Amino acid sequence: MAEVISLMDIDEDDKHQEQNGSQKLNKGKSVATATDAKATPWVEKYRPQSLADVAAHRDIVDTIDRLTSENRLPHLLLYGPPGTGKTSTILVVARKLYGAQYHNIILELNASDDRGIDVVRQQIQGFASTQSFSFGVKSSVKLILLDEADAMTKDAQFALRRVIEKYTKNTRFALICNHVNKIIPALQSRCTRFRFAPLDPIHVTERLKHVIDAEGLDVTDSGLAALVRLSNGDMRKALNILQSSIINNFFATCSQHMASQKITDEAVYLCTGNPLPKDIEQISYWLLNESFAESLTRVSETKTRRGLALIDIVREVTIYSLSFGCNDKLQLGSLIATFTQARSALVAAAK
Ligand SMILES: Nc1ncnc2c1ncn2[C@@H]1O[C@H](COP(=O)(O)OP(=O)(O)OP(=O)(O)O)[C@@H](O)[C@H]1O
Ligand SMILES: [Mg+2]
C-alpha cells in the first residue's frame, strides 16, 4: 500500500503552492481575502512545511532536526496539549526523510482508525516487516506514525512493545498523544520523549503576525492581543479564531454597508462568544456596588444582549477579581466563605 505514489497527493501539493501564490497576489484586497478565508482552513494552509516554520519548541525541533539529518532518529514520543505542533513536527520530519510524497511512504494511523490489537498485529507488523525502500527516497528507514496514541487499547500497546523491538533496525515509531499517562511505561521507555508545552504569547503573536502579513489583513494591536489571550497557547485555536473573525467581520461590514475590515478586540471576542473585558469590568462593578435585584437584572440583560454563557461570565469575573482584586489569601477566604454560606443554605433548606 505504502509504495504507491498517487497523483492526488501531487495535486494537493500543487494546490497548496497555488493557494500560497494567489494569496500573495491578493495581498491587501479585503474582499478577496474574505472569500479565500472561507475557502481554505488556515490551520492547514499554514501548517509548517519545514522545521523552521515550527514556532516555539526550539530545543526540541533542533534536536529532532539534528537526529534526522544524522540518520539517528530514535523512536519518538511527542506529547502535550492540542494545537502545539506535535503532528506538524512529525510530518515535517517525514517530508525531510521522504520528500513531498511522504504520505504514501509512511504508515500513518490516527484516532479515526481502529486502535485495537488487530491493527498492531496486521497493519503495523505487516508494514514493519516488509522490505525497506530503495527507490530514490532519502531514507531507507521506515516511519510508522501513531497519532493520538493515547486512544490505543492497553492490549494494543502491550503488543506494540514487541513489534517496536523486533523491527528497530529499519523502522522508527513516532507516537503522538495529549495524555502521556495513558501510554504504558514500557512503551514510554522505548521512546525518546518530548513535551510540547502550550506556546507562549510571544510565539503565538509572531506566528499570527506572519499569517496576518501573508493574508494582508488589518488587525489592531488590541485585536492581536485578544487572539493571543483567547488561544491559551493553542496555535490551531488562534488561527481558527482569526479566520472566523475575518469571515464574521466581512459579513457584518457588508450588512451594515461599512467599509472597514479592521479586526479589533471586540470583533474577536464577539466572534468567539467570549465576554468582552469591558462587559466583565461592568459586571464586576455591579456585583460589588449594586443591590441583589439590580445586579440580577443588569447581568441578565447583558447576558441576553451579548448572547453570553453564564459559565464564561463566572470564569471571567473570577479571573478578573483574582487579577485586579485583592490578594490571594482574601480571595481564597471569599471562595471558602461562599461555599460555607451555600452549605448552610442547603442544610437550612433540607430541614
Ligand atoms: N508550533 C507551531 N508552529 C506553527 N504552527 C503551529 C504550531 N503548532 C500548531 N500550529 C498550527 O496549528 C495547526 C495544528 O497543529 P498540529 O496538528 O501540529 O497540533 P497538535 O499538537 O498535533 O495538536 P493535537 O494534539 O490536537 O493533535 C497546524 O496546522 C498549524 O497551522
Ligand atoms: Mg496532532
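**Entry 1: overall composition.** I counted 16 helices and 5 strands in the protein chain, taking helices (H or I, at least four residues) and strands (E, at least two) as DSSP runs numbered from the N terminus. The model is predicted, so I required pLDDT of at least 70 for local features and 80 or more for side-chain atom pairs, whereas totals for chains, interfaces and linings use all residues. Residues are numbered from 1 along each chain as its sequence is written, while chains are lettered from A and ligands numbered from 1 in the order in which they are written.

Entry 2: I then looked up contacts (C-beta atoms, placed from the backbone, within 7 Å). Among those between residues at least 6 apart in sequence, 77% join residues at least 24 apart.

**Entry 3: strand β4.** I noted that 7 of the 7 residues of β4 are buried, so this strand is largely enclosed by the rest of the structure. Thr171, Phe173, Leu175 and Cys177 lie on one side of β4, and Arg172, Ala174 and Ile176 on the other. I next examined pairing, which requires that DSSP find at least two bridges between two strands. Strand β3 (residues 142-146) runs parallel to β4 and is joined to it by 5 bridges, with Leu145 opposite Ala174. I also recorded that β3, helix α7 (residues 154-166) and β4 form a right-handed β-α-β unit; with the strands pointing away from the viewer, the path from the first strand over the helix to the second runs clockwise.

**Entry 4: strand β1.** I found 4 bridges, in the parallel sense, between β1 and β4 (residues 171-177). Leu76 has Ala174 as its bridge partner, and Tyr79 has Cys177. β1 is also joined by 4 bridges to strand β5 (residues 192-195), again parallel; there Leu78 stands opposite Phe194. In β1 (residues 76-79), Leu76 and Leu78 point one way, Leu77 and Tyr79 the other, and all are buried.

**Entry 5: ligand 1.** I listed 22 residues around ligand 1, of which Arg47, Pro82, Gly85, Thr87 and Ser88 come nearest. The elements giving two or more residues to this shell are α3 (42-45), α5 (86-98) and α11 (235-255). Domain 1 (57-195) and domain 2 (201-272) both contribute to the shell, so ligand 1 lies between them; the domain bounds come from an automatic or database domain assignment.

Conventions. Near = placed C-beta within 6 Å. Buried ≥ 20, exposed ≤ 12 C-beta atoms within 10 Å, placed from the backbone. Contact = placed C-beta atoms within 7 Å.
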